[in-house]
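Trainee: Please take me through one part of this model closely. I am new to it, and I would like to look at a helix and what surrounds it.

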Amino acid sequence: MLRTTMLGRLGKDPELRSMPSGDAVCNFSMAHSDRWQDKDSGQQKERTEWVRWVAFGRQAEIIAQYVKKGDPLFCAGQQQTRSYEKDGQ
């Protein structure tokens, strides 16, 4: 199992929906920024990574109720890569 942990801030309010079974599902994106000083130029550099998260059940309901855009959040969970098809590709 591939586990991921992340401390970041939400980029927009979480989206809470219900699956056909009635279970809650919450989608949200988090940003994490790294800052460092470039060894060659001495300039400050920054890189921001965006990660999409999905929570289910009671966790989804709690996130949607208490967390809003810009709030810091610590998440841990199983990492899974998904693929999709757009215009036949």
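Mentor: Helices (H or I, at least four residues) and strands (E, at least two) are DSSP runs, numbered from the N terminus. The model is predicted: local features need pLDDT of at least 70, side-chain atom pairs count only at pLDDT 80 or more, and totals for chains, interfaces and linings use all residues. Residues are numbered from 1 along each chain as its sequence is written, and side-chain values use heavy atoms, leaving out hydrogens and water.

Start with helix α1, residues 57-66. Ala 60, Ile 63 and Ala 64 are buried there (under 20% relative accessible area; exposed is over 50%, partly exposed in between, with a 1.4 Å probe and protein chains only). Seen down the axis of α1, these buried residues fall within an arc of 95°, so they line one face of the helix. The arc is taken from the directions from the helix axis to the C-beta atoms. On the other side of α1, Arg 58, Gln 59 and Tyr 66 are exposed.

What do the buried residues of α1 pack against? They pack against β2 (15-18), β3 (24-37) and β4 (44-56), where contact means heavy atoms within 4.5 Å.

Now look at Phe 56. It is found in strand β4. Phe 56 counts as partly exposed because its relative accessibility is 46%.

Last, the cysteines. The structure holds zero disulfides (pairs of cysteine sulfur atoms within 2.5 Å). The sulfur of Cys 26 lies 9.6 Å from the closest cysteine sulfur, in Cys 75, too far for a bond. Cys 26 is buried, at 0% relative accessibility. Cys 75 is buried, at 9%.
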